[in-house]
Amino acid sequence: MGVVNVTPDSFSDGGRWFDATAAIKHGLDLVAEGADLIDVGGESTRPGASRVDASEELRRVVPVVKGLASEGVTVSVDTMRARVAEESVAAGAALVNDVSGGLADPDMVEVVAAAGTPFVVMHWRGFSESMNSRAVYGDVVAEVVAELRERMDAVIAGGVAPERIVIDPGLGFAKDAGHDLALVAHLDELRALGRPLLVAASRKRFLGHVLADEGAAPPPARERDAATAAISALSARAGAWAVRVHEVRATADAVRVARAVEGAA
């Protein structure tokens, strides 16, 4: 899953693809590098980010979804708003990726159920402004699994078919570096929920912490692609359905190697 951020303020590449024409070209470039689907988002969910209004999010997202879908690209829309999801599906999006798992907008589950699209349900404890304060766990793996199971049950009760649910542990969302690493180390426990697993580690803070020398600042986000590829390979070996990344080629190569090793086992 290649990332196209149509935003001025995303942590990794905010502003680079803010123009719709540039965003569409970037999405097509990611497909050429090996992406199987493109995740288009118009609202930054980095820690501390403020929300944009619905009309602005629609203005950013819908033309890019429509442009990519018209080129035959499988498009996912990354949104917490039911209206944006609905209009994006009408424009050609094939999947809804909601980092709140339907919690941010009470109409989201109903809209996704009516659309019949796959729905990514991510582990979420609150909006970006406050999520760092919610990174408190006794056993992060057990609690994330339990909270995802509870959310899956609610989404199914709301009408979304169980076979259309994809789960995401929400790396970096209300979690510190140790929490993220523990979740990556125990992806098998997340897969035990019985649904396809999306791992979205690309360029995130925990990778910067891993790469930083003692006492040094973490490398900037765009210097974490090799580390992202390592997580992608580990995720592939653990049976993830997809990985969500900004730089596709390194991850596509890493996953190809992981699959080759599996085939030789």
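Visitor: How do the residues lining the second largest pocket divide among nonpolar, polar and charged?
Guide: This is a predicted model, in which local features need pLDDT of at least 70, side-chain atom pairs count only at pLDDT 80 or more, and totals for chains, interfaces and linings use all residues, while side-chain values use heavy atoms, with hydrogens and water left out. A pocket here is an open set of points on a 1 Å grid over the protein atoms alone, where a 1.4 Å probe fits and protein lies on both sides within 12 Å along at least five of seven lines, and its lining residues have an atom within 4 Å of a point. Ala, Val, Leu, Ile, Met, Phe, Trp, Tyr, Cys and Pro count as nonpolar, Asp, Glu, Lys and Arg as charged, and the others, Gly among them, as polar. On that basis the lining of the second largest pocket divides into three charged, three polar and twelve nonpolar residues.

Visitor: Which residues lie nearest the centre of the second largest pocket?
Guide: Residues are numbered from 1 along each chain as its sequence is written. The lining of the second largest pocket has 18 residues. Those that lie nearest its centre are Met-1, Asp-36, Val-243, Thr-251 and Val-255.

Visitor: Which element gives the most to the lining of the second largest pocket?
Guide: Helices (H or I, at least four residues) and strands (E, at least two) are DSSP runs, numbered from the N terminus. Two or more lining residues come from each of α9 (225-237), β8 (242-243) and α10 (248-264). With six residues, the element that gives the most is α10.

Visitor: How many salt bridges does the structure hold?
Guide: A pair counts as a salt bridge when a side-chain nitrogen of Lys or Arg is within 4 Å of a carboxyl oxygen of Asp or Glu. One of them joins Arg-59 and Glu-56, with 2.8 Å from N to O, and these two residues, three apart in helix α2, are separated by about one helical turn. The number of salt bridges in the structure is 14.

Visitor: How many residues apart in sequence are the parts tied together by Arg-81 and Glu-43?
Guide: The closest N and O atoms of the salt bridge between Arg-81 and Glu-43 are 3.9 Å apart. Arg-81 lies in the loop between β3 (75-78) and α3 (82-91), and Glu-43 in the loop between β2 (38-41) and α2 (54-70), so the pair ties together parts whose separation in sequence is 38 residues.

Visitor: Are Arg-81 and Glu-43 buried or exposed?
Guide: The terms rest on relative accessible area, found with a 1.4 Å probe and protein chains only: buried means under 20%, exposed over 50%, and partly exposed in between. Arg-81 and Glu-43 are both classed as buried.

Visitor: Which residues do salt bridges with shared partners join into one network with Arg-244?
Guide: Arg-244 forms a salt bridge with Asp-78, with 3.2 Å between the closest N and O atoms. This pair links distant parts of the chain, 166 residues apart, as Arg-244 is in the loop between β8 and α10 and Asp-78 in strand β3. Arg-244 is buried, at a relative accessible area of 14%, and Asp-78 is buried too, at 10%. Through shared partners, Arg-244 is joined into one network with Asp-39 and Asp-78.

Visitor: What is the phi of Ala-174?
Guide: Most residues other than glycine have a negative phi. Ala-174 lies in the loop between β6 (165-168) and α6 (177-185), where it is buried with a relative accessible area of 1%. Its phi is positive, near 55°.

Visitor: What is the phi of Arg-203?
Guide: Arg-203 is placed in the loop between β7 (198-199) and α8, and with 7% relative accessibility it counts as buried. Although Arg-203 is not a glycine, its phi is positive, at about 60°.

Visitor: How far apart in space are Asn-132 and Asp-176, C-alpha to C-alpha?
Guide: Asn-132 belongs to the loop between β5 (119-122) and α5 (140-157), and its relative accessible area of 43% makes it partly exposed. In sequence Asn-132 and Asp-176 are 44 residues apart, while in space their C-alpha atoms are separated by 7.9 Å.

Visitor: What distance separates the C-alpha atoms of Arg-222 and His-246?
Guide: Arg-222 has its place in the loop between α8 and α9, and at 44% relative accessibility it counts as partly exposed. Arg-222 and His-246 are 24 residues apart along the chain, and the distance between their C-alpha atoms is 8.9 Å.
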